[in-house]
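Thanks for asking me to look this over.

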Amino acid sequence: MPVTATTKSAQPPGLVAHPGGALRGTVAAPGDKSMSHRALILGALATGETSIAGLLESDDVNATAAAMQAFGASIERVGKGRLRVVGAGGFREPDAVIDCGNAGTGARLIMGAAAGFAISATFTGDASLRGRPMRRVLAPLELMGARWMGRVGGRLPITLRGGGLRAITYPLPEPSAQVKSAVLLAGLQASGETCVIEAQSTRDHTERMLRAFGVGVDVADGSAGRVIRVMGGQQLTGAAVSVAGDPSSAAFLLVAALITPGSEVTVRNVMLNPLRTGLFDTLIDMGADLTIANQRQSGGETVGDITARSSALTGVVVPPERAVSMIDEYPILAVAAAFARGPTIMRGLSELRVKESDRIALMAAGLTACGVGLEEEPEGLIVVGTAGANHLVCGGGAVTTHGDHRIAMSFLTLGFAAREPVRVDEPGMIATSFPGFVALMNGLGARITAH
Ligand code: S3P
C-alpha cells in the first residue's frame, strides 16, 4: 500500500478536558517524531532497502513520507508503524510543490538534503510553517552554493536550486538541531569536509542515524563547543531502523499523572537520549516521583519505561543551559509549574517564540485564562504555582492554540487537574505529533470530549 500525503485525522472542532479522578495504566510512547522524519529522509537518500519499525504515523511524518516519494523513493507501508523504503540513491526533481504541512523539521531537513542535488524544488507548508524563519537554513545552504528564491524575509514558499556544493565550516548562530542536520545532509553531497560547530549540543539523532546508514561522522568536543564533521561523497546504504518512543509525547502523559491526585501512569519505551531528557531532570528537581525501569538499547538509543505517580511539586529555577534538551517541553512544564508550590522560573527561551506558534505568548495567555499567576519576559516565563497556597488551579479557560499541537495537549492536561473544565480550539493539529492522544488519555481515566 503506498503512503499517501496528508491524511488529516478526523477531529471535532474543539475539545474540552473535564476535571476527574485518578489516571492509571500502562501505555507505549508513540514513535519519536525527530527520528521518524530522519529515518524516512535517510532511507530515501540511501541505495537499497530501509525497513523502519515504530514509525510515528502522524500528519507531520506523513508529509515527509509523501515528500520522499516525490523526490523518487518508493515507500510501502507493511504494517502499523512499519515501512519499507527503497531509496533511489539520491533525489530526482519533483514534479509538484513539496508541502511539508506543519513540520519545521521536515521542511528544514528536506531542504538540506535536496540542496545536494542539481534539481529545483519548491517548498511550502501550512499557515504556521509559512510564518516560520527559514533563513537560518537557507543562509548556510547558500554559503555552500545552493540558490533560492522566495518571499522577503526567507519564508515559505521557497524554490531551492541545489547541486555543485562546496563544504563549509559553520558555527550555528542559534542552537538548532534542524539547522545542524540540514547542513550535514547537504554536506553529504559537497566537495570536501563539512563541519558544524555548536556552542550548545542539540539532539544528535542525525549523527547517530547517519552512522547506522554507513556514513562516517566525526564528533568531538572542543573549546567552542561540539564539532561535527562529515566528508562529502559518502553513499548511504539502506538500514533497519527501530524508532524509539518520543519523550516529548510521553511528557504529557507523565505530567498528567504527576498533577492529578491518586494517579500512577507508566509509559513504556521512552527514548532517554540525554539531549532530550531535560524535562525529566527538571521534574525530578521539582520533587516529582518519576522512576525509570528496564533501561535497554533500541535502535541506537537508550530507552526505558517511566512511571509517574502524583506528587507535591515545588517551583524551581530551570537552568537556561538546559533549554536545548527540553525545548519542546516548556509548555507542559509550565502546566506542571502551575500546580507546584511557589514560582518556577524559565529563561533562555528565545527559540520558543519561533516554534509552531509563539509558545511563550500562548502559554502566558492560556494560563492567565485559567487563573494562573505569571510574568512573561521577552525570553522567558515565570509561573507562580498555586499548590503552596492550598488552592487548586482554577481552569475554566477557553484556550487559543493557534494550531499548535503542544499548546493544545498542554491545556487539555491542565484541565484534568483543574477545578473547572478547560476548552481548546483547533484540536485537529494534535495529529501532527500525537494522533492517539485523546483516546489514550481517556483510556487512562481522563475525560476529554468534543464541544
Ligand atoms: C527538532 C529540533 C527542534 C525541535 C523540533 C524537532 C529536530 O527544533 O523543537 O520539534 O527534530 O531536529 P530546532 O532545531 O528549531 O531547535
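**Notes on the model**

1. Thr237 counts as partly exposed, at 46% relative accessibility (buried means under 20% relative accessible area, exposed over 50%, and partly exposed in between, with a 1.4 Å probe and protein chains only). Thr237 lies in the loop between β13 (225–231) and β14 (240–242); helices (H or I, at least four residues) and strands (E, at least two) are DSSP runs, numbered from the N terminus. Not counting residues up to four places away in sequence, Thr237 touches Ala46, Thr47 and Phe213, where contact means heavy atoms within 4.5 Å. Thr237 and Glu379 are 142 residues apart in sequence, and 42 Å apart in space from C-alpha to C-alpha.

2. A word on the basis: this is a predicted model, in which local features need pLDDT of at least 70 and side-chain atom pairs count only at pLDDT 80 or more, while totals for chains, interfaces and linings use all residues. Residues are numbered from 1 along each chain as its sequence is written, and side-chain values use heavy atoms, with hydrogens and water left out.

3. How many aromatic pairs does a search of the whole structure find? There are five aromatic pairs; rings of Phe, Tyr and Trp (its six-membered ring) pair if their centres lie within 6.5 Å, and planes under 30 degrees apart count as stacked, over 60 as edge-to-face and the rest as tilted. Phe252 and Phe437 are edge-to-face because their ring centres are 6.2 Å apart and their planes stand at 80 degrees. This pair links distant parts of the chain, with Phe252 in helix α8 (residues 247–259) and Phe437 in helix α13 (residues 437–444), 185 residues apart. Phe252 is buried at a relative accessible area of 1%, and Phe437 is buried at 0%.

4. Phe437 has another partner: Phe434 and Phe437 form an edge-to-face pair, 5.4 Å centre to centre with 70 degrees between the planes. Phe434 is buried too, as is Phe437. Elsewhere, one aromatic cluster is formed by Phe71, Phe91, Phe117 and Phe123.

5. The axes of α8 and α13 are 12 Å apart, at an angle of about 30 degrees (axes are lines fitted to C-alpha atoms, for helices over the stretch in contact, and angles run from 0 to 180 degrees between N-to-C directions). The two helices are therefore roughly parallel to each other; that label covers angles under 35 degrees, with over 145 roughly antiparallel, 65 to 115 roughly perpendicular and the rest oblique. On the α8 side the contact is made by Phe252, Leu253 and Ala256, and on the α13 side by Phe437, Leu440, Met441 and Leu444.

6. Phe437 turns up again in the largest nonpolar core, where, of 76 residues, Leu283, Phe411, Leu414 and Phe437 touch the most other members. Such a core is a set of buried Ala, Val, Leu, Ile, Met, Phe, Trp, Tyr and Cys residues joined through side-chain atoms within 4.5 Å. Helix α8 gives the most to this core, with 10 residues. A second, separate core of 72 residues includes Ile52, Cys100, Leu109 and Ala146.

7. Finally, helix α10 (residues 330–338) is largely enclosed by the rest of the structure, because nine of its nine residues are buried. Among them are Tyr330, Pro331 and Ile332.
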